[in-house]
Amino acid sequence: MLKQLSTLVALLGVSMLSHAQETFPRNGAYDQRSGRYAFTNANIVVDSKTTITNGTLLIENGLIREVSKQVKIPTGTVVIDLKGKYIYPSLIDLDSDYGMPEVKIERRTGGRQTPQLESNKKGAYGWNQAIQPENEAGKLFTPDAKKAEDLRKMGFGTVLSHSHDGIVRGSGALLSLTDESANKAILNGKASSHFSFSKGTSGQTYPSSAMGVVALLRQHYYDADWYAKGGKNQEKNLSLEAFNELKGLPSFFETNDKYSLLRADKIGDEFGVQYIIRGGGDEYQRLNEIKATKATLLLPLAFPEAYDVADPWDADLISISQLKHWELAPKNASEVAKAAIPFALTTSGLKNKNDFWKNIRTAIEYGLPKEKALEALTTLPASVIKADGQVGSIKAGLLANFLITSTDLFSKDNVIYENWIQGKKFVLTAINAPDLRGTYALSINNQPTGKLQITGSPEKPEYKVIIQDTVKITPKAILTNELLTLTYQPDKKRQETIRLTGWLTGNALKGEGILPNGNVVPWTATFSEKFAATSPKDTASKKAIETGKIVYPFVGFGNEELPKSETVLIKNATVWTNEKDGILKNTDVLIQNGKIAKVGKSLSAPSGSKTVDGTGKHLTTGIIDEHSHIALFAVNEGGQTSSAEVRMADVINPDDVNIYRQLAGGVTTSHLLHGSANSIGGQSALIKLKWGGSQSEMLIPESKTIKFALGENVKQSNWGDVARVRFPQTRMGVEQVFYDHFLRAKDYAQSWKAYNAKKGGVAPRRDLELDALAEIIANERSITCHSYVQSEINMLMSVADSLKFKINTFTHILEGYKLADKMQQRGIGGSTFADWWAYKMEVKEAIPYNAALMYHQGVTVAINSDDAEMARRLNQEAAKTVNYGGVPEEEAWKMVTLNPAKLLHVDDKLGSVKAGKDADLVLWNANPLSVYARPEFTMIEGTVYFDRKKDEEKQKTMAVERERLIQKMLSDKAEGKPTQKPQGAQPRMWHCEDIVGVHAEHAEEN
Amino acid sequence: MKLEKFNILNRAALAVLMAFAVQQTHAQNVAPALPQTKPIVLTGATIHTGSGQVIENGVIAFDKGIITQVGPAGSGNTTGAEVIDVKGKHIFPGLISLNTTVGIQEIASVRATLDFSEVGEVNPHIRSLIAYNTDSEVIPTLRGNGVLLSQAVPQGGIVSGSSSVFYTDGWNWEDAVLKKDDGIWLNWPAFLARSFNFEDFSVTMKRNENRQEVMDKFKSVFADAKAYADVANPSPVNLRLAAMKPLFEGTTNLYIRAEYAKDIVEAVKFAKEAGVKKVVIVGGDESYKVASFLKENQVPVVLNPTHRLPNRVDENVFQPYELPALLHKAGVKVAITYSEEWWRTRNLAFLAGTSSGYGNITPEEALQFITRNAAEIIGADKQIGTLEKGKHASFLVSEGDILDMRGNDVTMVFIKGGKVNLDDKQKRLYEKYKTKYSKN
């Protein structure tokens, strides 16, 4: 219904076009014209699939009336003979801010700021300043003559424009690039809705992270639904109202890279919305997953400049992925086309808009078919925005928006002469520029003076005066219509200038000149030879450009081919089973179908299996890091005291090299936690370190956990004096945060229960934050709580007891040794550091004997990292518990394997070497608790993701690939292509203390 | 007005906290070792001398704080000596932890306990010597893992100040110090600068455009200092320049913190041209790129913690672990340290252990990174660094290999012949809570 309505609106818009200013008074006599033009003898490219050669296009009143080989031209028509020139539909850009008010984002600088907890937008709008569905591009639009002209010059006739501000950005308007009034320019004032991951001008603290944006958007959709179904009787909310009115319109999501693209699509899936997604130009790096989204893409044409890699040490700053992306970015559109993913092209993201044509031609050189390129700029965007009845092709009834070009639109020497918009002509290059090219005999004052040679193109002729067949002089020449001015110095040394002015007559030139001595003389240039074009190199005929391979993930140590699960027999190893059998010497382990098939002596190898000699080596299950922040795009949503609604699963970064580094240290599974910036943090993600795999391949979705935090971080003790606003500021306040939230969650769960029982009435408002807390109360989600001192640990246990929820794990728990008995009684695990202390007040009484004391009291103890560096030697950290407090070696080893598996409730599959469990295994060269131990290989589900020998080979391959790319860049530099100074992105290391914002700045200040 | 009140309250709260911390410090650290009163002989141990030699079933004898004999079973004089049988155990020279803030940093988040960074840019006259707090609760925890010597190093500014090397035992700084004012520390302006984007919180590395300015400042400071040093009795006295005089006499080190290869080359060239006699590169993440240059110029390298991640995403995953061995094999003198860290230095032995496991060198070679090489770099190799006759009887007895978590179990420590009490606050808390649970 809504769809039909929007089409109707669009049609109305069209039919009213010629009368758009009916209501306006005129100054002077009415000047109505039919605007009837016929373009004959044209090659009319109707759309990417159809071309009419030698056809006629008839337009009237701003609309196309007829297109075909034979058009009966009515009398009273201006006929324009195009003499074989081309007509193309004018182009469409769907990601534009044309005519929108400037979005001024105050850049945050160093130093801390007082947090802005509430929206600064006054009025009956929603609570979050970054949610602005009430913004209507149609109402915000004011024509911008300069920008319209720039866009027309590039060949555009129509743009979809919206205010690029905020997460929910309101509606977009389909605008024609006419130079007339706004009333005429707006083709559809409410054509689309727009979204992004950027807060824009909002200075409100929430959301401060990508997962916070996801949560906010999801909640917004639920709120809008609730509002429509009855919430409107409880409160007036103009934002929700406006949002509901946008439903059904094409929805556009602006993203910056492949992973935010996938993240956006996932949000849409939950609400039955298929976003049209503007990507970042790196789609080729994850094509399969992107294709699976079924989204139509908007692709930018921004390609990175080459780096100046002349100095080998400076060039070290540039990573292989930067080098490879430089090489492959121009190939992106071609790859996307090859994968049959529908896409439109956009100029957005281009720093210099003049690069548009250059880059599109480069993309074609890199294999993008021309038809695809044309489709991506005309019919496809038109249909995406449901305006294919108005624009995008040359068909009767559509707007007379078209280009007149000299040849194939994408050819290097093509000239766009005119861009007609709504039947109005805009001249870019004079269409009937006389073709003066050729060689002429020059005569001044009736004396033969040499030759005049005119080459180049008719639009841009190049002149040469040749004297005595050898001296070539480039004169200054100005050609205006058919008038020509030529000045030149026959002899440079003498600095004497001859000045000629004249006109075209037949195929000759003649006129009057003044010689340096002041004599006025006649001159002529008589046509003698035709211009012979030196065959220009046709770029399209060049052979396909060679590029390196795409690796997964798209970083150093990535795989050209993903490793596969194998059948492996490991013979004669010392096997740390973590089971009753303990440590078995001279034992074999068989791995099949990703599982441990058998553990025993003298096992025989099934056919087709690989045998590994484990003599003198130790085989263990993979390390599980219970507290990790690797492979994440963000860690803290610190905008509010509780952020139970955010999910770390939304921000998994499979490209983080730390995945590979940790595999090299024997880690196979990591529990990715939210930070400790607030009392109730986000929902954690448990991942397997499948290097090269996708986000969903890595995630273990069954694991449902959540991060809580206590102490100095949540009360913001160490964030400086500006951070004295957010509740709580004391441990006293922290307790009340839990009571407040859990009591609300209880009520919430109750109200849903009541609603579900009676199956009628108005549903309670779905609250994602309380959902997560209700799951805790229902024992469906486990708490991992960041904690240090005994008072707060005791407090949370007592809160949990009184509200009848369970605490699963205390993490850090550096004073766990003081309360180990209480933890044991409640079955709460402790996941701690081996020996950290002294870095802040709350770790003053931390002792390295903590793990041992808790262990001896029967607490399930894990040793974790909270640190990308420490994680790759967690075996060493576990070993310290033997030293400090005498934990048996076998038990110490469990603290980084089986025990975290238990705490994460995955010990049915992970954590020990037992038939039937996942083959997540590490083969060590020595006792894994020794400082000298290092993994020979690390496998996950029977697939080897790290292998010491292959790692060495990889380094060599990388060096070769790197040098190939550097050589290529150097040749580019030698050819004079622009380069940029080397700069590398510093890998961001997350710790649980890192709060995006305040703390990160602090870290940089130090 | 309101704000001011708030601040006062806040300060008051902090003062209370501090008073509490200080009180505890006084209450808890054990008494330092008393001077050696009679000869002692340890027998039966495997002695790792620190110079690469291993003596199975060896004997070590010492008197008045000085080693009198190191040799095989049966060697040496035991008359009148206390003979201690340490059969099956291992003896190592006291580990030396350079480049730390032990004694001048207590709790990182509490400003009042931080004494390592002075205001001002050029502070050669600032001395860690007199700020070193022997009552720090961190210090006893280091001895327990074999760290018997620690260099307290001022941080900050361009010229940070002067370091001193202390025993991890002593009544006060005068008592604990082994080497006073052993060197001046300088922060070389990095070739690459980090720039932080407050919009997306990313960090970008690019050329440091302000570098030349800082280098010019160095040059003029050092030129002035050299000229000042040439005057016998300069007047007026300039504390800063006076502090730099020993650099030109070769009696103290110039420690230059530099990470990138180009920085290292320029720093060394600068120091030589300025007339500085002894230069040490500190940090040196990229020192492996200029190993031959360092060897030629006989410049030792004090590495920052090698338990770190590679600096670049494409770098060999194990590069930091392999780094000390790479330099060692190239003929560069290397020490491994825990720069700017304090409590973590108790893990110093494990940095060396890792460098052996990943760097393809023997544990005895790796041991030198934290014993002999460190002693030579600070110019105290006559007293410490190896177990040899005539040197300080400052060593430890461990149940096993000190470089390995599986062996690092220190049961006995002697500092200048005095037997050190290995108790610390953490052990006392351990005992306290063992008591709690024994009642269950």
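Guide: B:Lys289 lies in the loop between strand 13 (279-283) and helix 7 (291-296) of chain B. Helices (H or I, at least four residues) and strands (E, at least two) are DSSP runs, numbered from the N terminus. The model is a predicted one, in which local features need pLDDT of at least 70 and side-chain atom pairs count only at pLDDT 80 or more, while totals for chains, interfaces and linings use all residues. Residues are numbered from 1 along each chain as its sequence is written, and chains are lettered from A and ligands numbered from 1 in the order in which they are written.

B:Lys289 counts as partly exposed because it has 18 C-beta neighbours inside 10 Å. A residue is buried with 20 or more other C-beta atoms within 10 Å of its own, exposed with 12 or fewer, and partly exposed in between; the C-beta atoms are placed from the backbone.

The C-alpha trace of chain B spans about 65 × 60 × 55 Å along its principal axes. Chain B has twelve helices and 18 strands, and 50% of its 440 residues are buried. Of the contacts in chain B between residues at least 6 apart in sequence, 68% join residues at least 24 apart. A contact here means that the C-beta atoms of two residues, placed from the backbone, lie within 7 Å.

Elsewhere in chain B, strand 6 (residues 95-100) is largely enclosed by the rest of the structure, because six of its six residues are buried. Strand 6 of chain B pairs in the parallel sense with strand 7 (residues 147-152) of chain B, over four bridges. Two strands pair if DSSP finds at least two bridges between them. B:Leu95 stands opposite B:Val147 in strand 7 of chain B.

Chain B also touches chain A: 48 residues from chain B and 56 residues from chain A take part. On the chain A side, helix 22 supplies the largest share, four residues. The residues on that side divide into 26 nonpolar, twelve polar and 18 charged. Ala, Val, Leu, Ile, Met, Phe, Trp, Tyr, Cys and Pro count as nonpolar, Asp, Glu, Lys and Arg as charged, and the others, Gly among them, as polar.

Chain A averages a pLDDT of 92, and 94% of the residues score at least 70. The pLDDT is the predictor's confidence in each residue, from 0 to 100. Over residues 1-20 of chain A the pLDDT is below 50. It also stays under 50 over residues 995-1006 of chain A, for which the model has 27 contacts beyond four places in sequence.

Chain A contains an open sheet of eight strands with mixed pairing, in the order 6-7-8-9-10-11-12-14. Strand 6 (91-96) and strand 14 (343-346) of chain A each have a single partner strand, so one side of each is left without a neighbour in the sheet. Strand 6 of chain A and strand 7 (residues 156-161) of chain A pair in the parallel sense over four bridges. A:Ser96 has A:Ser161 in strand 7 of chain A as its bridge partner.
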